[in-house]
Amino acid sequence: MAKFTGSRAFVVEDETLVLFSLEDVLSDLGCEVVAQAMRLDQAIAVAETLGPVDVAILDVNIGGTTVFPVAQILKERGVPLVFATGYGREGLPPEWQDHAVIVKPYSLQDIERALTPLLAGHIGE
């Protein structure tokens, strides 16, 4: 059985191939991607109307702008966040550095490591 079976994820990623790859990895780990967005305006709209999710994985740079307006909405809703970036934790503004980070290019193991503490209550359910 996959490690995070029953977990629901929201993914924001502006590169199609990266998005598909991430969806495949999440599926392999047992996460259902319940929503995804490739543009900031779309991501904001989804974040505001999204049903219950267990985690959001957000590409920091979406089409030349940052994803932090989406992150703020999700944070206020209590959704655990994982930031995906090529710049590492140091590339995040200070107020976001306490959130999980996966550094691009990331592996299944990187994603699993980032999700484990966030989805601990779902493991083995």
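**Figure 1. Buried residues of helix 3 in the predicted model.** In helix 3 (residues 68–76), Phe68, Val70, Ala71, Ile73 and Leu74 are buried, meaning under 20% relative accessible area with a 1.4 Å probe and protein chains only (exposed is over 50%, partly exposed in between). Helices (H or I, at least four residues) and strands (E, at least two) are DSSP runs, numbered from the N terminus. These buried residues pack against strand 1, helix 2 (40–49), strand 3 (55–59), strand 5 (65–66) and strand 6 (81–85); contact means heavy atoms within 4.5 Å. Gly78, with a positive phi near 80°, follows helix 3. This is a predicted model in which local features need pLDDT of at least 70 and side-chain atom pairs count only at pLDDT 80 or more, while totals for chains, interfaces and linings use all residues. Residues are numbered from 1 along each chain as its sequence is written, and side-chain values use heavy atoms, with hydrogens and water left out.

**Figure 2. Packing of helix 2 on helix 3.** The axes of the two helices are 9 Å apart, at an angle of about 5°; axes are lines fitted to C-alpha atoms over the stretch in contact, and angles run from 0 to 180 degrees between N-to-C directions. Helix 2 and helix 3 are therefore roughly parallel (under 35 degrees; over 145 is roughly antiparallel, 65 to 115 roughly perpendicular and the rest oblique). Leu40, Ala43, Ile44, Ala47 and Glu48 of helix 2 make the contact with Pro69, Val70, Ile73 and Leu74 of helix 3. By class, eight of these residues are nonpolar, none polar and one charged. Ala, Val, Leu, Ile, Met, Phe, Trp, Tyr, Cys and Pro count as nonpolar, Asp, Glu, Lys and Arg as charged, and the others, Gly among them, as polar.

**Figure 3. Packing of helix 1 on helix 4.** Helix 1 (residues 16–28) and helix 4 (residues 108–118) pack at an angle of about 60°, with axes 10 Å apart, and are therefore oblique to each other. Leu22, Val25, Leu26 and Asp28 of helix 1 meet Leu108, Ile111 and Leu115 of helix 4. This contact has six nonpolar, no polar and one charged residues.

**Figure 4. Strand 6 and its partners.** Five of the five residues of strand 6 are buried, so the strand is largely enclosed by the rest of the structure. Leu81, Phe83 and Thr85 point one way, Val82 and Ala84 the other. Strand 6 pairs in the parallel sense over four bridges with strand 3, where Ala56 stands opposite Leu81. Strand 6 also pairs in the parallel sense over four bridges with strand 7 (residues 100–103), and Phe83 stands opposite Val101. Pairing requires at least two DSSP bridges between two strands.
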